[in-house]
Each structure stands twice: as structure tokens, then as C-alpha cells.
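Here is a short tour of one protein chain. Keep the sequence and the 3D view at hand while reading.

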Amino acid sequence: MTKPPRKPSKPLLGNADAPLRSQPRRRRDPAQSQLLLDPMPARIDPCLALLKPRPPKGRQWAFEVKWDGYRLAVHIEPKGVRILTSGGHDWTDRFPAIATQAKRLPVSTAILDGEAVVFDELGRSDFGKLQQSLGGRGGKRTSWESVCMVFDLLYLDGHDLTETEFTARRHLLEGIVPPGGEEAIRLSEEIEADGDKLFRIACEHGLEGIIAKDRNSTYRSGRGGEWLKIKCIQSDSFAIVGYQRSSSAFGNIGALLLGARKGDELVYVGSVRTGFKADEAMELRAAMDKRKVTAPAVRYTGHRKNLVWIKPKLIAEIEYRAWTHDGKLRHPSYKGLRDEQDNAAIYEIDG
């Protein structure tokens, strides 16, 4: 007589049909010596989100806010806490509040995956404020105000969780970092909402975007598509005030120097190096060379070489993610010149 098939065992999930966040949790016993233990990895390359223009559809996708900061892995070990950047650099000393809070978590060993952020007055992650707290790019300051928004759990009390599905990892993570905390380590909460609606609300509130994660996926390093990012890209028109010559770039344009209006004057708002196509770059270079001047239309205090200044008559459409604390465009990309007939208004800076 054939035995009936045995139901699959999911000890981490319990009832797979029940909502995970509402299940009561039993206290873990880290001293379960009878269980085989996995060696704790010295480092795990992070799972990266793949950029998509729109949120995915389907119940298998979980949504979170996209945080604008530095990706961190927090290693909690018997000998202490290590905080590693996505590139593997040890930044424990630069985030003392996060390290201190990690020592208080109810675990013996763990690896938390998260993002170090600094919030602005409206509660949004602000990359410029984070950079300031660390002393700027290349700075060496410690950031006491940084908060680690944790969104994944890769290792826990002797057990490697990278081959466990995302819902189970989140379930265990919520038992360690409960929702609603105000400490230096906080849970990046899952938001129960339609992806399109959540994305629209995120953009309306000035957030960087949202992240979608496949609930059934394991943790894979690299950009495999298990995690998706949908960004609130901003786009505006800026005056081209000059360019940097480069023999290795399309049209010999190494970068465009951009200006925006502030009252009755133009101010320098940074440069753009990406987005040029070969044929567009040649035409753009020809148009700029017809408008050369000896003095810049903006006050420029940088140290670039091989600069050519032009009359600010050409207007470029630029996509970007945000503004830095010192008034420069963050991650700009060139999208093309605006037609003169379009009468495009140059971006105006308030104040």
C-alpha cells in the first residue's frame, strides 16, 4: 500500500498561508548545541536591486521605501561588532551609535543587511546630510546621527539564512528588530500597498523611490532581479555654461558644466558626464564652440582643467536623483538640448 505524500515541512514559516507579521513568535534558544552550525562568513557580497521603470505586479512582491544612504552589513560576533561597507571596508568606527545598538540586540551572532541614513526635518533620508555627518566625500568623521535601516537578515545564531526564502528571513528579522523602533538600528518596514500607488505616493513625498522584493527568493549577491528598484527620477532644464575637454570622450566632451537661476543671476549646480551619444555629442560640441567666451557666466571655484566657457544660451534637459547639501545635482544624466522654440525655462533655485 502506497503511503500518502508527506506535507512539506517549513519550520521557519509555520503555516504558509497565515500572515507572517501577525504570527506569535516563540523565544529562540541560541544554546541549541545539538544543531549543526554554519560557519559565519567574513563577508557576503550584497544583493543589489535591478532598476525598473514601473513597480511589478503580483502578490509575490513585497514593497519597502528605498533609502538614500550607504549600504552596510552589520556583523555581530562574540568578539564584537563589525560594520562593513558594500565594498568590504570596515567602517565600524565611523558609525559608533549603530555599533553600540548592535551589541544590545538579542542575538549571539548575526549579519544584518541595511542602509545607513541621516534623516531630514521631514523624516526623509538625505544623502547630503549623511555625507556632511561623515565629513564629506573622503572625510574621516564619525557619524553619531546615522541610523541603520535594516531590511534583511543573512545569518543568525550559527545558521546561514541566505538559502532561506525572503519571507522567512524577514519574519526572523522582525523578532530581532521590532517595527516602530527609534534606536540607531531600525526596521525598514514592509508596506502593504499596491506598487503603483505606493510609488506615486513616494514620489509625491520627495522620497528616492521604492524597492520591490520577491517574497520567495533566496539571497543572491549581485543584481539578479530578485530585488527591483523604482526611482523617482527628477528632470529639469539647466543652462550649459561650459564644458571640460577630454580626448577620450564623445565629441571631446568630458563633462558639461551646468547653471541654474537664483534671483537675477546664474549659479553653478554641478556637471554631467553621462548620457551622451556619439552623434549628439558632435553636434553639441559644434554648437558650444560657436558660443565661446573668456569668462564664465557663473562663479566657479572648482579645480578642473581644460575648461571652455560659453554663453549660457544652450539649455539641456537633465535627469537627476536629488540635490547635494552644497547645491549640486546628484547623479545627473544628459537627456538632450531643448529647442529654442520650446522656450524652456531654466531651473530656478528658491531663495
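Start at Asp45, which sits in the segment before strand 1. The model is a predicted one. Asp45 is partly exposed, because its relative accessible area is 39%. Leaving out neighbours within four places in sequence, Asp45 has contacts with Tyr219 and Ser221.

## The chain as a whole

The chain has 351 residues, and 48% of them are buried. Its secondary structure amounts to five helices and 19 strands. Take the contacts with a separation of 6 or more: 68% of them join residues 24 or more positions apart.

## An open sheet and its helices

Four strands form an open sheet in the order 1-10-9-2, and their pairing is mixed. Strand 1 (50-51) and strand 2 (61-65) are the edge strands, each pairing on one side only. In general, strands of a sheet pair through backbone hydrogen bonds, either parallel or antiparallel.

How do strand 2 and strand 9 run, and how many bridges join them? They run antiparallel, with five bridges between strand 2 and strand 9 (residues 209-214). Two of the facing residues can be named on each strand. Glu64 has Ile211 as its bridge partner in strand 9. Ala62 stands opposite Lys213, also in strand 9.

Helix 3 (residues 166-176) packs on this sheet. Helix 3 touches strand 2, strand 9 and strand 10 (227-231), and its direction makes about 45 degrees with that of strand 2. Helix 4 (residues 195-204) lies across strand 2, strand 9 and strand 10. Its angle to strand 9 is about 155 degrees.

Now look at strand 2 by itself. Is strand 2 mostly covered or mostly open? Strand 2 is mostly covered, with five of its five residues buried. In a regular strand the side chains alternate between the two faces of the sheet. In strand 2, Trp61, Phe63 and Val65 point one way, while Ala62 and Glu64 point the other way. Both sets are buried.

## A covered helix

Helix 1 (residues 96-103) is mostly covered too: six of its eight residues are buried. These are Pro96, Ala97, Ile98, Ala99, Gln101 and Ala102. Which elements cover them? The cover includes strand 3, strand 4, strand 5 (110-117), strand 6 (147-156) and strand 8 (185-187).

Rolling a probe the size of a water molecule over the atoms shows where empty space is left. The count comes to one cavity of 30 Å³ or more. The largest cavity has a volume of about 80 Å³. Its lining holds 13 residues, and Ile44, Pro46, Leu72, Ala73 and Thr85 are the closest to its centre. Strand 3 (70-77) and strand 4 (80-85) are the elements that give two or more residues to this lining. Strand 3 has the largest share, with four residues. By class, the lining has seven nonpolar, three polar and three charged residues.

Most residues other than glycine have a negative phi. Asn306 does not: its phi is positive, about 60 degrees, although it is not a glycine. Asn306 is in the loop between strand 14 (292-293) and strand 15 (307-310). His331 also has a positive phi, near 55 degrees, and is a residue other than glycine. The loop that holds His331 lies between strand 18 (329-330) and strand 19 (333-337).

Arg321 is in the loop between strand 16 (315-320) and strand 17 (322-323). Is Arg321 buried or exposed? Arg321 is buried, because its relative accessible area of 18% is under the 20% cut-off. Not counting residues up to four places away in sequence, Arg321 touches Lys66, Asp68, Glu208, Lys231, Ile233, Gln234, Arg330 and His331.

| Residue | Relative accessible area | Class |
|---|---|---|
| Arg321 | 18% | buried |
| Asp45 | 39% | partly exposed |
| His331 | 45% | partly exposed |
| Asn306 | 46% | partly exposed |

Notes. Residues are numbered from 1 along each chain as its sequence is written. This is a predicted model: local features need pLDDT of at least 70, side-chain atom pairs count only at pLDDT 80 or more; totals for chains, interfaces and linings use all residues. Side-chain values use heavy atoms; hydrogens and water are left out. On a 1 Å grid over the protein atoms alone, a cavity is a set of points where a 1.4 Å probe fits but cannot get out, and a pocket is an open set with protein on both sides within 12 Å along at least five of seven lines; lining residues have an atom within 4 Å of a point. Grid points are joined across faces, edges and corners, and a volume is the space filled by probe spheres set on the points. Ala, Val, Leu, Ile, Met, Phe, Trp, Tyr, Cys and Pro count as nonpolar, Asp, Glu, Lys and Arg as charged, and the others, Gly among them, as polar. Two strands pair if DSSP finds at least two bridges between them. Contact means heavy atoms within 4.5 Å. Axes are lines fitted to C-alpha atoms, for helices over the stretch in contact, and angles run from 0 to 180 degrees between N-to-C directions. Buried means under 20% relative accessible area, exposed over 50%, partly exposed in between (1.4 Å probe, protein chains only).
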